[in-house]
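Dear colleague,

I am passing the structure below to you for your work. My findings follow it, arranged by topic.

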Amino acid sequence: MAVLNFRTDERSERALAELMADGSTTSDAIRQALVDAVRLRRREQMRSESLDVLDDEDDRAESRRVLAEMDTLRAW
């Protein structure tokens with residue numbers, strides 16, 4: 001595993017202290033923060049893409065066509 005060094009500033013020191021308030025080590029807090037940051041970035045990207053699709057009338061029309069076709073395949 002890689003070892004990273006970075007310089008903190010006042011803001012990152014406060015954030016790190018908050019993340020460590022539950023007893024987490026510095027390394028654990030930073031690892032979790034990185035994972036959480038990626039998860040948040042991916043969610044924001046999905047949200048943005050969803051809003052783009054929502055505004056795409058052609059895509060919505062295609063979705064309606066697919067749903068209508070699937071509806072004819074229902075067993076009930």
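Helices here are DSSP runs of H or I with at least four residues, numbered from the N terminus. Please note that the model is a predicted one.

Salt bridges within helices

With that definition in place, helix H1 holds both Glu10 and Arg14, which are 4 residues apart, or about one turn of the helix. An α-helix has 3.6 residues a turn, so residues three or four places apart point the same way. Glu10 and Arg14 are joined by a salt bridge in which the closest N and O atoms are 2.9 Å apart. Is Glu10 buried or exposed? Its relative accessibility is 61%, and because the cut-off for exposed is over 50%, Glu10 counts as exposed.

In helix H3 the pair is Glu62 and Arg65, which are 3 residues apart, about one turn of the helix. The closest N and O atoms of this salt bridge are 2.8 Å apart. Glu62 is partly exposed, its relative accessible area being 39%.

Beyond these pairs, a network of salt bridges links Glu57, Arg60 and Arg64. The count of salt bridges in the model comes to 7.

Helix H3 and its cap

Helix H3 covers residues 57-71, which makes 15 residues. From its first C-alpha to its last it reaches 21 Å, close to the 21 Å expected at 1.5 Å a residue. Which residue caps the N-terminal end of H3? Asp56 does, with a side-chain oxygen 3.1 Å from the backbone nitrogen of Asp58.

The largest pocket

The largest pocket contains about 520 Å³ of space. It is lined by 18 residues, and those closest to its centre are Leu4, Phe6, Ile30, Arg31 and Leu34.

H2 gives the most, with 8 residues. Sorted by class, the lining has 13 nonpolar, 4 polar and 1 charged residues.

A separation along the chain

One further item concerns Leu19, whose place is in helix H1. Leu19 is partly exposed, with a relative accessible area of 40%. Leu19 and Ser50 are 31 residues apart along the chain, and their C-alpha atoms are separated by 31 Å.

For your reading of the model, the points on the pocket may be taken together: about 520 Å³ of space, with a lining to which H2 gives the most residues.

With kind regards

Terms used: Residues are numbered from 1 along each chain as its sequence is written. This is a predicted model: local features need pLDDT of at least 70, side-chain atom pairs count only at pLDDT 80 or more; totals for chains, interfaces and linings use all residues. Side-chain values use heavy atoms; hydrogens and water are left out. On a 1 Å grid over the protein atoms alone, a cavity is a set of points where a 1.4 Å probe fits but cannot get out, and a pocket is an open set with protein on both sides within 12 Å along at least five of seven lines; lining residues have an atom within 4 Å of a point. Grid points are joined across faces, edges and corners, and a volume is the space filled by probe spheres set on the points. Helices (H or I, at least four residues) and strands (E, at least two) are DSSP runs, numbered from the N terminus. Ala, Val, Leu, Ile, Met, Phe, Trp, Tyr, Cys and Pro count as nonpolar, Asp, Glu, Lys and Arg as charged, and the others, Gly among them, as polar. The expected span of a helix is 1.5 Å times one less than its number of residues. A polar contact is a pair of N or O atoms within 3.5 Å; within protein, one must be able to donate a hydrogen and the other to accept it, and residues adjacent in sequence count only if both atoms are side-chain atoms. A salt bridge is a side-chain nitrogen of Lys or Arg within 4 Å of a carboxyl oxygen of Asp or Glu. Buried means under 20% relative accessible area, exposed over 50%, partly exposed in between (1.4 Å probe, protein chains only).
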